[in-house]
Amino acid sequence: MNRVIQWRTGLTLRERRMVDFAAALTASIVLVYGLILPLGAAYDAATARHDAAVRRSAALVANIKALEAAPLAKASGPIDQQVAATAQEAGLVVQSLQPRGSARVAVAIASVPASSALRWLDRLGGMGLAVEGLTLRPAPDGTVMLDLVVRRP
């Protein structure tokens, strides 16, 4: 540091002013491009992410309120026929369907993609039917085997 001070004192007044100006210009450029602009960009990105999250949250709240306000479609007719019809509409092949009284049915479905099975179960819930017991077993081909008991509440 002493060498820099000695070097600076050896300069003329005009040279010192030019070196001081160059140092101030360099410091201001480093400050602007190294600190202020990156922090501003990070703030803008965080604001955009926050706004997107607020919009997604508002959409979810609106969907939840719509679901809570919507009445459940009540299933009518024999439960075994309803379950078989919805399974067929969903593209599922029912292996066995055994009615257990007027309000329950045991269903076995072999070799179905898990996503299709879960969508079908959700649809049953939307019809006002309740899944009383459920067993999902993975099959070697990547699908699942489904055993369940469905009842009408």
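## The nonpolar core

The largest nonpolar core holds 18 residues, and Val83, Val107, Ile109, Trp120, Leu129, Leu148 and Val150 touch the most other members. A nonpolar core here is a set of buried Ala, Val, Leu, Ile, Met, Phe, Trp, Tyr and Cys residues joined through side-chain atoms within 4.5 Å. Buried means under 20% relative accessible area, exposed means over 50%, and partly exposed lies in between (1.4 Å probe, protein chains only). At least two residues of this core come from each of α3 (79–89), β2 (104–112), α4 (114–126) and β4 (144–151). In soluble globular proteins, nonpolar side chains tend to be buried together.

## Model and numbering

This is a predicted model: local features need pLDDT of at least 70, side-chain atom pairs count only at pLDDT 80 or more, and totals for chains, interfaces and linings use all residues. Residues are numbered from 1 along each chain as its sequence is written, and side-chain values use heavy atoms, with hydrogens and water left out.

## Overall layout

The protein has four helices and four strands. Their order along the sequence is α-α-α-β-β-α-β-β. The radius of gyration is 35 Å, well over the 15 Å that the globule rule gives for 153 residues, so the protein is more spread out than a compact globule. That radius is taken over C-alpha atoms, and the globule rule is 2.2 Å times the number of residues to the power 0.38. Helices (H or I, at least four residues) and strands (E, at least two) are DSSP runs, numbered from the N terminus.

Along its principal axes, the C-alpha trace spans about 105 × 40 × 25 Å. Of the 153 residues, 19% count as buried. Of the contacts with a separation of 6 or more, 52% join residues 24 or more positions apart. A contact means heavy atoms within 4.5 Å.

## Surface and charge

The accessible surface comes to about 11,000 Å², and carbon and sulfur atoms account for 63% of it. Areas come from the Shrake-Rupley method with a 1.4 Å probe; for residues, only the protein chains shown count as cover.

There are 17 positive and 11 negative side chains, and the centres of the two sets lie 8 Å apart. Lys and Arg count as positive and Asp and Glu as negative; His and the chain ends are not counted. Each charge is placed at NZ of Lys, CZ of Arg, CG of Asp or CD of Glu.

## Helix α2

Asp51 is found in helix α2 (residues 13–69). Asp51 is partly exposed, at 37% relative accessible area. Its C-alpha lies 24 Å from that of Leu35, 16 residues away in sequence.

Ala42 is also in helix α2. With 42% relative accessibility, Ala42 is partly exposed. Ala42 and Leu129 are 87 residues apart along the chain, and their C-alpha atoms are separated by 50 Å.

Pro78 sits in the loop between α2 and α3. Pro78 is partly exposed, at 42% relative accessibility. Arg137 is 59 residues from Pro78 along the chain, with 28 Å between their C-alpha atoms.

Ser111 belongs to strand β2. Ser111 is not a glycine, yet has a positive phi of about 55°. Its relative accessible area is 44%, which makes Ser111 partly exposed.
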